[in-house]
Amino acid sequence: MTRNRLLLKVVVHVLLVVTIFRQCAARDPPTVEIPNQGTVMGTFVKMFRTQRVIAYLGIPYAQAPTAEKRFAPPVVDGLPSWEGVKNASTFGPQCWESPRETHRRHDQLFLELIKPAADDAEKQYDEDCLFLNIFVPDATMPTEGYSVLVWFPTGDFNGDTPFQLNPFQMVFKQKLIVITVQYRLGIFGFFTTMDGSAPGNFGLMDQSAALLWIKRNIKLFNGNEASVTIMGHGTGAVCVGLHLMSGEWTDEMFHKAIMMSGSVLLDSMVKSPKMYESAVDLIATAFACYRQPTSSLIDCLRRVPQMLMAEKSPVLDWGPVVDSGLSNITTPFIPDFPMMLVHQGKLRKVPLLLGHTDMEEGLELAMGDMLEHGIGAEMFETLLGDAVMMDLNQLDFNDTLCGGNMDIVMDAVQFQYKPYPPTTDPMKLRRRYIEFATERKFVAPTIELAMHMSQLAETYVYRFDIKPRTEAAMKGIPEWMGVPHNFELIFLWGLPYWLMLADAAQWDSADKRVADIVMTLWANFAKFTNPTQVGVYIKWDTFTNDEPGVLIIDRSFNMSDHSTMSFGAVKFWNQYYPNVIQFAAQCCNATYMAGTGNSYQTMLSSSVVFSVLVVNFILLQSFIYMQIQYFFQT
């Protein structure tokens with residue numbers, strides 16, 4: 001009798017579960033009424049039979065930036081509206097991208113990895129592209145609403161974004177809202193006439209408009225408007241960094257920030273408007289427009305068809321620009337270079353999580369013969385010299401009088417990076433060169449920003465050292481290489497749970513476990529600020545100037561020590577190297593003035609000028625070696 005009752009209970013339980021599942025499966029997608037726009041109907045996005053989230057796709061957050069609104073800040077009043085119920089089940093057209101003949105190697109390999117999951121349909125592009133996509137858990141809402149994660153994708157400012165990633169697993173497993181934002185790219189998003197006609201940075205202004213829309217409306221989608229985290233990868237991370245310094249444009253629109261593999265403090269990320277002078281000339285000529293006045297130039301360019309503008313533009317490197325003083329109508333988005341803004345204390349006081357992989361540009365640097373055979377000693381020095389010359393070219397050096405100063409700056413770099421004991425092993429030199437590039441472009445700027453932010457709010461820093469164990473996911477990446485750019489995204493977005501690999505290869509279960517941990521850490525930060533609040537047993541200390549700890553994300557998930565993280569390179573790039581460059585520049589300026597000043601100075605003989613050069617060189621060399629000794633003693 002007892003056995004029959006137990007069997008009956010089991011049958012009833014199964015029937016109840018089946019009934020509930022059928023009711024859930026049969027219910028209509030929810031609708032949301034957005035004030036002053038209209039009602040949108042979401043769509044259920046399913047993965048397997050019992051997993052689903054709700055998606056609201058292609059929602060406009062600003063007026064279409066076309067016609068007279070091209071090359072202008074986004075208009076956030078009088079938003080597009082509709083009658084009836086809008087079916088929000090399809091993505092809006094993508095913003096125009098500048099065509100590239102080839103992708104970067106890390107982008108190319110990542111695109112090949114996710115290609116089986118890519119939509120075979122041809123992408124649709126349009127200038128009317130200011131849409132966002134909202135992914136909401138299909139679950140019981142927390143009392144205060146779901147925390148919100150706003151994602152700015154990887155790529156570059158000209159649209160070199162060969163892939164879009166599915167946030168399903170993050171939303172389903174971590175129970176938070178993920179929003180992806182489309183914004184103007186390339187010439188449409190960053191063209192500048194270096195004055196008020198087109199100050200530039202429109203793509204960044206688009207992001208601010210999207211954050212404003214989210215602040216006003218996310219509560220309608222069960223989101224918590226008081227818990228919004230902006231997150232970006234690559235140039236998306238640069239965007240996040242610029243929002244941390246943007247003042248009025250994003251004031252009180254987000255509450256935490258995550259920056260992955262992007263260095264906002266690099267000089268090359270934000271340009272002076274003067275850098276675009278020749279580019280504006282090229283654009284005017286290419287489209288047969290008058291160059292002056294710039295108001296006529298803009299009127300002309302607004303009549304150029306969007307496809308022609310995107311595909312025939314002779315300039316492909318448009319990006320953020322210092323726009324202070326360019327317009328008396330709009331507030332500057334980037335009033336000064338990021339490093340200057342940091343030192344001026346122009347940072348928003350919000351918790352920050354940031355970091356990088358251990359070999360960001362490894363695939364880019366180790367191409368061709370270097371990938372297999374390494375590099376020789378002569379090539380190693382040449383590559384270091386090219387990087388130094390790039391830095392010096394940012395300054396107004398006089399080529400004739402200051403050529404010797406490059407040697408002394410080069411001495412400092414070689415002192416830091418030439419292996420000791422000396423070696424000619426091409427494999428060791430290859431690794432040292434990759435370390436040089438990674439520390440210069442990613443490690444040092446990351447730690448510099450962390451040092452400043454940690455004085456304002458909780459700051460967490462990581463270094464990503466885990467590669468997937470699944471062999472098919474690492475196709476094209478040599479065994480000796482660490483984690484290249486993009487490949488930490490495998491774990492962040494839970495690819496092992498949804499991505500079908502080529503040739504029906506299966507994901508290693510260890511990769512799924514790592515994905516669970518990484519998604520939990522990131523989601524915890526968005527929800528609670530503390531990445532280890534719930535669900536993980538990992539120690540991740542906040543970063544401080546006194547205790548600059550970094551979480552090493554490898555199979556052990558331990559905080560850094562002297563064996564896993566050296567701050568010598570950070571100190572070199574952030575403190576010592578700028579002083580060498582500055583001293584060299586001052587030497588050049590003094591020498592230049594000695595030869596080109598007033599009439600008395602111009603009468604100096606060439607021998608006197610040469611003497612000045614010699615004295616300057618000796619003083620500079622003495623300064624360098626004294627600083628090197630002091631630097632490494634302290």
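Buried means under 20% relative accessible area, exposed means over 50%, and partly exposed lies in between (1.4 Å probe, protein chains only). The model shown in these views is predicted: local features need pLDDT of at least 70, side-chain atom pairs count only at pLDDT 80 or more, and totals for chains, interfaces and linings use all residues. Residues are numbered from 1 along each chain as its sequence is written, and side-chain values use heavy atoms, with hydrogens and water left out.

**View 1. The disulfide of cysteine 95 and cysteine 129.** A disulfide is taken here as a pair of cysteine sulfur atoms within 2.5 Å, and a search of the whole structure finds two. In this one, cysteine 95 is joined to cysteine 129 with an S to S distance of 2.0 Å. The torsion about the S-S bond is about 95°, so the disulfide is right-handed. The pair links distant parts of the chain, 34 residues apart. Cysteine 95 sits in the loop between β5 (85–87) and α2 (105–114), while cysteine 129 sits in the loop between α2 and β6 (131–137). Helices (H or I, at least four residues) and strands (E, at least two) are DSSP runs, numbered from the N terminus. Both cysteine 95 and cysteine 129 are buried.

**View 2. The disulfide of cysteine 289 and cysteine 300.** The S to S distance between cysteine 289 and cysteine 300 is 1.9 Å. This link is left-handed, with -70° about the S-S bond. Cysteine 289 lies in the loop between α7 (277–286) and α8 (294–301), and cysteine 300 lies in helix α8, so the pair ties together parts that are eleven residues apart in sequence. Cysteine 300 counts as buried because its relative accessibility is 14%. Cysteine 289 also counts as buried, at 10% relative accessibility.

**View 3. Cysteine 239.** Cysteine 239 has 0% relative accessibility and therefore counts as buried.

**View 4. The open sheet of β1, β2 and β5.** Three strands form this sheet in the order β1-β2-β5, with mixed pairing. Two strands pair if DSSP finds at least two bridges between them. The edge strands, β1 (31–34) and β5, each pair on one side only. Neighbouring strands of the sheet are turned by 30° against each other on average, direction ignored; axes are lines fitted to C-alpha atoms, for helices over the stretch in contact, and angles run from 0 to 180 degrees between N-to-C directions.

**View 5. The pairing of β1 with β2.** Strand β2 (residues 38–41) and β1 pair in the antiparallel sense over four bridges. Opposite isoleucine 34 stands glycine 38 in β2.
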